[in-house]
Every structure is written in structure tokens, then in C-alpha cells.
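Work through the exercises below with the sequence and the coordinates open. Each task is followed by a solution in steps.

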Amino acid sequence: MFSYCTDPSVLAAPAWFACYLTTGKLMLFYASFGTVLLLLAITAPVALGFGFAGAAAARARFAPLSWLGKLYIAMVRGVPDIVFFLFFVIALDQGLEYLRHKVKCPDWDQPIRQGSDFIVCQAAKLPLSTAPQIWHEIYGFTLAVVTFAIVFGAFAANVLFGAMRAVPHAQLETAEAYGMTHRQIFWRILIPQMWVYALPGLSNLWMVLIKATPLLFLLGVEDIVYWARDLGGAKTARFTDYPHGDWRVWYFLGLLVFYLAFTRLSEIVLDRLMKKLTHGQATMGGEAQRKAA
Amino acid sequence: MSCWDVVADYGLRSLGIGERLLPRDDFTICKQVVLIGSGMIWNVYFGVVALISGFFLATAVAVGKASKITPLRKLSEWFIFVFRGSPLFIQFFFAYFLFLSLKSVSPVFSPFTSAWLGALVVLFLNTAAYSGEIFYGALLSIPRGDVEAADAYGFSGWPRFRKIVWPTMLRLAWPAYTNEAIFLFHATTLVFFSGFPAWQQRGDALYYASYFADKTFNPFIAYPILAGYFIVLTLTIIGIFGAINRRLNRHLPQARKTRIRYRPNLMR
């Protein structure tokens, strides 16, 4: 990047590092932090949406819908989340290709599963084999986002379901006495009041979500873990202008510090948010704030 | 080949006993169930050893965080912050590469680069940090009257801790600690995906499940089998911890007994 970087082998340590840290590969590494943040920025609202739908379904008066919601909530309790990650990525991919296959190639007569192969017609492949590389990456990332959203949606549904039950029942009964319909009670009374009960659980979930982002690596996305392993490995002078020994431990130390800083920052912001939200609420926290003022 | 032969061949495959090669074709349900079950040995090993050893460090960390001695308190706070604030997955990677570079300094560290010890150390420290925070919270919510009564009876120092403070702390922390135990067992599935090599393909349950899913390109059999095993494991943990919970609460009047509620809010 800098003008003096043409021959790194003669540079002194500080200049060498300045050059090393600005090589194209390292730039890809820095960009992968953006991938992580992008994943969080997309997943968090989508998972919250899934969670909201799940919690609302679990409260439904129509029994099968309620069972479905409760099953979704219970899903993540007994089984490790990483199993779902590995499962959904393949299952979603195969499911989508299967559906496209049914639509696009109706006259296909061979079975789709042949022994250890999953064969769909060319037109049903996702993304199409002729598509440029970038579409393959976008597709992989999208699958990862959906997988994250499904799993964390189940956690969010659990939190929101608990929060909905924590809203004092008298509030709902009063609304009913005023002649509100079920729909009105849900949207006008229950939802506005549940957030303060949900926030501790949701902020915990946010922390968990941050700490789950390195699992992107397992889903085949080129994320920070992928690059840290790739760049940190020992490099000889034959393949690079910047030979070095095995630096993976330092790269992962960097990641460790990144995550510590990120979670700490989130903690501080969420604490402030909680203080704001409890202001004026009929809860212990709100009462304590009133007395302190 | 009947299913019993498969059990004889692959039942202890994860420990290196029995058939040397993993099945390459003809992936019957029986083979998948047996081999994934064989992998569960590692999950149970990591979980049980880390949980039991971590329990003692967790108690020490909780007492340290509640202590009045500043260096001790700071040390415990930082320990908890580092292990709770960073992903376990990154901790595994970091520890593996750290042990790898230490190995070149001294051969003492060479067993640490294999999963059975290296990953165990990470899990031990990790669960100690999470449980330490739980125990610390419980330590702060011990009723003041209990401690005052102990003082009035002339308890102090170690006997007071051993006979009054510690059992009450455990009683209050137990529901949350049960969750922690469940998630510790879930976390053991990360070990062989995070740098630690599965020597001679002796892996844990998820290692074999993903092996089958990759070979057959069919996630709908291997992963549900694994999920079944973990549901059984989770129910077993709930059973054992519930029994301990009943024992910890046996002196209380019936109405005040705390029921354990299972909420997945302590995941890493």
C-alpha cells in the first residue's frame, strides 16, 4: 500500500508491519469483520420477527397453531444449537432445490435420492451453475442468515412468550371489560407493555447471538475465523513477500479481544437502554428509579 | 451383518476399539445410530469431567468475586469477563494454537494439543466462569437472617461457610446451574470443529453425524439421531439435577420449594 513496500524483506520491523497489515489479503480479513456485523444487523431483526411470530402462535386459541408455536419454542432446549446450524444449511438447500425441481422439471422420471446422491435437474440448481461466483457467495450467506434466524428466533420466541405472560393479567381483564376484542387487546395492551419484561432476556440473547457469529465458519462462509486460520498459518518466502511463522495464536488473540470489546460495549449500551425503558414503569426497577430521583 | 455385529464393531469406535475404518458405503440406520452413540462417549466425558472439576473452581471464583480483598476480586472479575465475554468457539481455537506453540517450547504441553486434555481445560475454565457468575449471584441473595443466625450460634470462618453459606448458595443457584450444565453438554459438540484434531477419526457424536451427513448428503437421518441422543442426555441431566435439587431443599416447607424451570438463557 505504501510506496516503500516494494521490497518488504529489507524493511525494519515497524515499516514491515505497516506494509504487512495493509496487504490485500489482510484487507479481506478486515472486510470479514463487516460480514460478521452484516450478519448481526440482518439476523437480529429477522430472528426477532420469527420469535414474535412463534410467541404469538404459541398464544393462539387455535390449538394446532399453538402446538406448532410451542414446538418451535421447545426445539432449542434439548438439542445443541450447532446441530441445527449444520442441519438447516443442508436441509434448506435441498428443500429449495427440491421445490424448484418439482416446478421446473415436472417430466423428470428418475428418483432424486440415488444412494448417496441428491440429483435434481440442471435448471433447479441453486444458484445456477452458470451464475457468477458472487451469487454463490450471496446464496451461501443468505442460507446462513436464515439458519441463524430460525435458531435464534426460537430463543427469541421463548423470551417473548415469557414476557407476554409476565404482563399483569389485570391489564388484559380491564381491556376486556372495556369491550376490546382479542386482537385489540393483543396489539394495544399486551404488546406495548411486554417489552420491558422482554428486554433482559433479549439483551442476553443479543450477547448470545454475538458469541454465535464465529459459527458462520462452520456454515462455509469466509468469515473472520476462516481468514484468521488462513492468514495466521506459517508462510514461507516462496509464496509470499511477507514470510512469518505460525501466527494463528496471535490472530485468534485478536479475535478474542474483538469479541470481548464488542460484548462489553453491548453490555454498556443495553444497560443504558434498560434504565431508559424502566423509567416510569410499574416494576421494581421503575420504583427504585422513582425513589432515587 | 446383523445390528449386533455392528454394535460389536463400532460401539466403542470413538475410543479406538473395534473396526479401524469408518463405514464407506451401505450407511444403514443401525450403523449411524451405533457410531453416533459411540461418539456420545466423548460428549459425556467432556461434560462430566468439566462440570465436576469446574464446580470447585466456580465456588472459588464466586467467593473471590464477593471478597473484600481487591486483587482477589479483580482477578475473579476478569476471569469471568474473559470467559463469558468471548465465544467458546474462539476460545477453543485460541487455546489449541496456544498449546501448539507452547509445545515447541516444552514437550510438557504436547498432551494439551490433543482434544481429551486441551479441550477439557478450555471447557473446565469456561464452565467455571459461567457457574462462578451464577454462584456469585446466589451468594449475594443469601438471606441476611441466615447469616445472622449463624453468627448468633457462634459460627465463623470456614465452618460458617461450609455449613451455612455454601449450602444456601447452592440451593439458590441450583435451577440456573442446571441450565448451565445442560448447555455445557451442548457445548461439548464444538470440540472437534474447532482446531482440535479427531485423531484416527475418534470423534464425538456431532463429528460422526456430520460425517454421515456429508457422505450420504442427507441431513434428515444423522442429525435427528443425534438430536434424539441429546434429548435423552438432557432429560438425564434434568433428572439427576432435580434429585440433587430436592435434597438441597429438603429442609424447607413444601410451599417454598423452588421448582426448576428450564430456560435456554445461558448459552454461549
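**Conventions**

This is a predicted model, in which local features need pLDDT of at least 70, side-chain atom pairs count only at pLDDT 80 or more, and totals for chains, interfaces and linings use all residues. Residues are numbered from 1 along each chain as its sequence is written, chains are lettered from A and ligands numbered from 1 in the order in which they are written, and side-chain values use heavy atoms, with hydrogens and water left out.

**Exercise 1. State the confidence of the model and find where chain B scores below 50.**

Step 1. The model has an ipTM of 0.88 and a pTM of 0.89.

Step 2. pLDDT is the predictor's confidence in each residue, from 0 to 100. Its average over chain B is 88, and 94% of the residues score at least 70.

Step 3. The pLDDT is below 50 over residues 264-268 of chain B. Beyond near neighbours in sequence, this stretch has 29 contacts in the model (contact: heavy atoms within 4.5 Å). Where pLDDT is low, predicted coordinates should not be read in detail.

**Exercise 2. Describe the fold of chain B.**

Step 1. Chain B has nine helices and zero strands, in the order α-α-α-α-α-α-α-α-α along the sequence. Helices (H or I, at least four residues) and strands (E, at least two) are DSSP runs, numbered from the N terminus.

Step 2. Along the principal axes, the C-alpha atoms of chain B fill a box of roughly 70 × 50 × 25 Å.

Step 3. Of its 268 residues, 51% count as buried. Buried means under 20% relative accessible area, exposed over 50%, and partly exposed in between (1.4 Å probe, protein chains only).

Step 4. Take the contacts in chain B between residues at least 6 apart in sequence: 75% of them join residues at least 24 apart.

**Exercise 3. Compare the span of H4(B) with the expected value and list what covers its buried residues.**

Step 1. H4(B) has 18 residues, and the distance from its first C-alpha to its last is 26 Å, close to the expected 26 Å. The expected span is 1.5 Å times one less than the number of residues.

Step 2. The buried residues of H4(B) include Leu88(B), Phe89(B), Ile90(B), Phe92(B), Tyr96(B) and Phe99(B).

Step 3. The cover over these buried residues includes helix H8 (224-232) and helix H9 (248-278) of chain A, together with helix H3 (70-85), helix H5 (115-140) and H7 of chain B.

**Exercise 4. Classify two aromatic pairs and locate their partners.**

Step 1. The rings of Phe, Tyr and Trp (its six-membered ring) pair if their centres lie within 6.5 Å; planes under 30 degrees apart count as stacked, over 60 as edge-to-face and the rest as tilted. Over all chains there are 56 aromatic pairs.

Step 2. Phe93(B) and Phe97(B) are stacked, at 6.2 Å centre to centre and 15° between the planes. Both lie in helix H4 (residues 88-105) of chain B, four residues apart, about one turn of the helix. Phe93(B) is buried at a relative accessible area of 0%, and Phe97(B) is buried at 4%.

Step 3. The ring centres of Trp174(B) and Phe241(B) are 5.2 Å apart and the planes lie at 25°, so this pair is stacked. It links distant parts of the chain, with Trp174(B) in helix H7 (residues 157-187) and Phe241(B) in helix H9 (residues 219-248), 67 residues apart. Both Trp174(B) and Phe241(B) are buried.

Step 4. One aromatic cluster takes in residues from chains A and B, among them Phe217(A), Phe252(A), Phe93(B), Phe97(B) and Phe196(B).

**Exercise 5. Which element gives the most to the lining of the second largest pocket?**

Step 1. On a 1 Å grid over the protein atoms alone, a pocket is an open set of points where a 1.4 Å probe fits, with protein on both sides within 12 Å along at least five of seven lines; lining residues have an atom within 4 Å of a point.

Step 2. The lining of the second largest pocket has 26 residues, and those nearest its centre are His136(A), Glu137(A), Gly140(A), Phe141(A) and Gly220(A).

Step 3. Helix H2 (24-59), helix H4 (81-104) and helix H5 (133-166) of chain A each give two or more residues to this lining. H5(A) gives the most, with nine residues.
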